[in-house]
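Hi everyone, thanks for making time this morning. Have a look at the chain on the screen, and I'll walk you through it.

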Amino acid sequence: MFSSGQKSQPYLETLKGEVVVLTTKKLVRNDFPINYLIVEEPKKVFAQLAKSFAPKNRWVGVSSKAEVHSSAKIAASAIVAPFAVISEGAEVGPNTVIYP
């Protein structure tokens with residue numbers, strides 16, 4: 001959870017063993033046993049943390065279970081997941097990930 005103001009304070013009481021990202025030490029509640037990170041840009045830090053815990057792609061390139069039209073152009077660094085559909089004339093750019 002991240003908090004950029006007082007409106008998130010009521011939710012602190014419902015947390016157990018979690019980490020809360022706050023913008024200022026003034027928002028810390030010493031009466032709750034929660035871990036706090038105090039940062040200037042909580043949304044940015046939350047996004048970075050979420051990305052670090054996101055599962056990594058388990059495949060590379062185009063899955064044999066994807067349906068790709070023969071006229072489609074797919075960059076070498078692109079990932080096309082199983083059961084994704086790439087239509088006629090489509091162009092998939094570099095570092096793009098396509099899910100079904």
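Let me start with a definition: a residue is buried when its relative accessible area is under 20%, exposed when that value is over 50%, and partly exposed in between, using a 1.4 Å probe and protein chains only. By that rule Ser-63 counts as buried, because its relative accessible area is 13%.

Now some housekeeping. This is a predicted model, so local features need pLDDT of at least 70 and side-chain atom pairs count only at pLDDT 80 or more, while totals for chains, interfaces and linings use all residues. Residues are numbered from 1 along each chain as its sequence is written, and side-chain values use heavy atoms, with hydrogens and water left out.

Back to Ser-63, which sits in the loop between α2 (42-53) and β4 (67-68). Helices here are DSSP runs of H or I with at least four residues, strands are runs of E with at least two, and both are numbered from the N terminus. Leaving aside residues up to four places away in sequence, Ser-63 touches Val-80, Ala-81 and Pro-82, where contact means heavy atoms within 4.5 Å.

Overall, the chain has 2 helices and 9 strands, in the order β-α-β-β-α-β-β-β-β-β-β. Of its 100 residues, 25% are buried. Among contacts between residues at least 6 apart in sequence, 10% join residues at least 24 apart.

So what makes up the largest nonpolar core? It has 7 residues: Ala-66, Ala-72, Ala-78, Val-80, Ala-84, Ile-86 and Val-92. A nonpolar core here is a set of buried Ala, Val, Leu, Ile, Met, Phe, Trp, Tyr and Cys residues joined through side-chain atoms within 4.5 Å. There is also a second, separate core of 5 residues, including Val-20, Leu-22, Leu-27 and Phe-32. In soluble globular proteins, nonpolar side chains tend to be buried together.

Tyr-99 lies in the segment after β9 (97-98). Is Tyr-99 buried or exposed? Tyr-99 is exposed, because its relative accessible area is 51%. Its C-alpha atom is separated by 9.4 Å from that of Ala-66, 33 residues apart along the chain.

One last stop is Val-19, in strand β2 (residues 19-22). Val-19 counts as partly exposed because its relative accessibility is 40%.

That's my tour, and I'm happy to take questions!
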